[in-house]
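Hi,

Here is the structure I promised to pass on. Have a look at it first, and then read my notes below.

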Amino acid sequence: MKKVVLTYGTFDLFHTGHLSLLNRLKAMGDELVVGVTTDEFNALRGKQTIFGFVDRIQIIRNLKCVDLAISLQNGEQKADDIRRYGVSIFGMGNDWEGRFDDLRVHCEVIYLPRTENISSTRIKNLLEGLDRTHVSDPGKAPEPTASIVGPFDSQVARKDDR
Ligand code: C2G
């Protein structure tokens with residue numbers, strides 16, 4: 001039987017931390033289903049994104065490691081999604097450690113280590129600190145882009161080499 005893995009996220013300003021998490025989750029099963037938060041759900045939980053839902057889900061849908069992208073419209077749909085897609089493993093980054101343990105009655109729940117030093121918030125903060133000079137000469141920026149990219153795991157590197 002196919003092993004289906006499920007995860008959820010906002011995935012604003014998609015970055016290598018997101019990619020690493022999705023690749024590691026895909027490697028744990030045969031199919032990866034990813035739920036992307038809608039703009040309405042984000043508004044309810046006080047989260048504002050740079051990119052809207054349509055752009056965020058397009059990026060997720062087009063990733064090699066993603067088999068199906070769905071919307072996450074509220075906090076209550078998780079058990080239904082697990083049933084609907086025949087999910088064996090529900091996985092999130094460990095900033096969510098313990099927060100989804102109630103789903104253990106439906107499937108295995110795992111929390112994977114987050115990639116250090118990169119996040120959508122950090123990118124937003126970096127962009128806020130840039131002015132015209134930095135945009136035309138990024139080397140002069142107070143925090144060069146390279147410094148916000150965390151260690152790229154070997155699995156992602158291998159996929160890129162193919
Ligand atoms: N992530 C990661 N490493 C980073 C940044 C994020 O592994 N450096 C992981 C997070 O732990 C999360 C996933 O990437 O599992 C998506 O992160 P966000 O886009 O920040 O999503 P979030 O707002 O945490 O949405 O109901 C659950 C929410 O939908 C989760």
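How far from an oxygen atom of the ligand does a polar side-chain atom of threonine 10 lie? The distance is 2.7 Å, which falls under what I call a polar contact (a pair of N or O atoms within 3.5 Å; within protein, one must be able to donate a hydrogen and the other to accept it, and residues adjacent in sequence count only if both atoms are side-chain atoms).

Before the rest, some housekeeping. This is a predicted model, with local features needing pLDDT of at least 70 and side-chain atom pairs counting only at pLDDT 80 or more, while totals for chains, interfaces and linings use all residues. Residues are numbered from 1 along each chain as its sequence is written, and side-chain values use heavy atoms, with hydrogens and water left out.

Aspartate 95 has a side-chain N or O atom 2.5 Å from a ligand oxygen. At isoleucine 118 a polar backbone atom takes part instead, 2.6 Å from a ligand nitrogen. On its own the ligand has 630 Å² of accessible area, and the protein covers 94% of that (Shrake-Rupley method with a 1.4 Å probe; for residues, only the protein chains shown count as cover).

The shell around the ligand holds 21 residues, and Thr10, Phe11, Lys47, Asp95 and Ile118 are the closest (a residue is near if one of its heavy atoms lies within 4 Å). By type, the shell splits into 8 nonpolar, 8 polar and 5 charged residues (Ala, Val, Leu, Ile, Met, Phe, Trp, Tyr, Cys and Pro are nonpolar, Asp, Glu, Lys and Arg charged, and the others, Gly among them, polar). Strand 1 (4–9), helix 1 (16–26) and strand 4 (87–93) each give at least two shell residues, and helix 1 has the largest share, with 3.

As for the fold, there are 7 helices and 5 strands (DSSP runs numbered from the N terminus: H or I of at least four residues for helices, E of at least two for strands). Their order from the N terminus is β-α-β-α-α-β-α-β-β-α-α-α. Of the 162 residues in the protein, 43% are buried (under 20% relative accessible area, with a 1.4 Å probe and protein chains only).

Why is helix 1 largely enclosed by the rest of the structure? Because 9 of its 11 residues are buried; among them are Gly17, His18, Ser20 and Lys26. Leucine 22, also in helix 1, has 0% relative accessibility. Its C-alpha is 8.1 Å from that of leucine 32, 10 residues away in sequence. Leucine 22 and leucine 63 are 41 residues apart along the chain, with their C-alpha atoms separated by 9.2 Å. Leucine 63 is in the loop between helix 3 (53–61) and strand 3 (68–72) and is buried at 17%.

One last thing to look at is the backbone between strand 1 and helix 1. Most residues other than glycine have a negative phi. Phenylalanine 11, in that loop, has a positive phi of about 55°. Leucine 13, in the loop as well, has a positive phi of about 50°. Both are buried, phenylalanine 11 with a relative accessible area of 7% and leucine 13 with 14%.

Cheers

How values were computed. Buried < 20%, exposed > 50% of the residue type's maximum accessible area, 1.4 Å probe, protein only.
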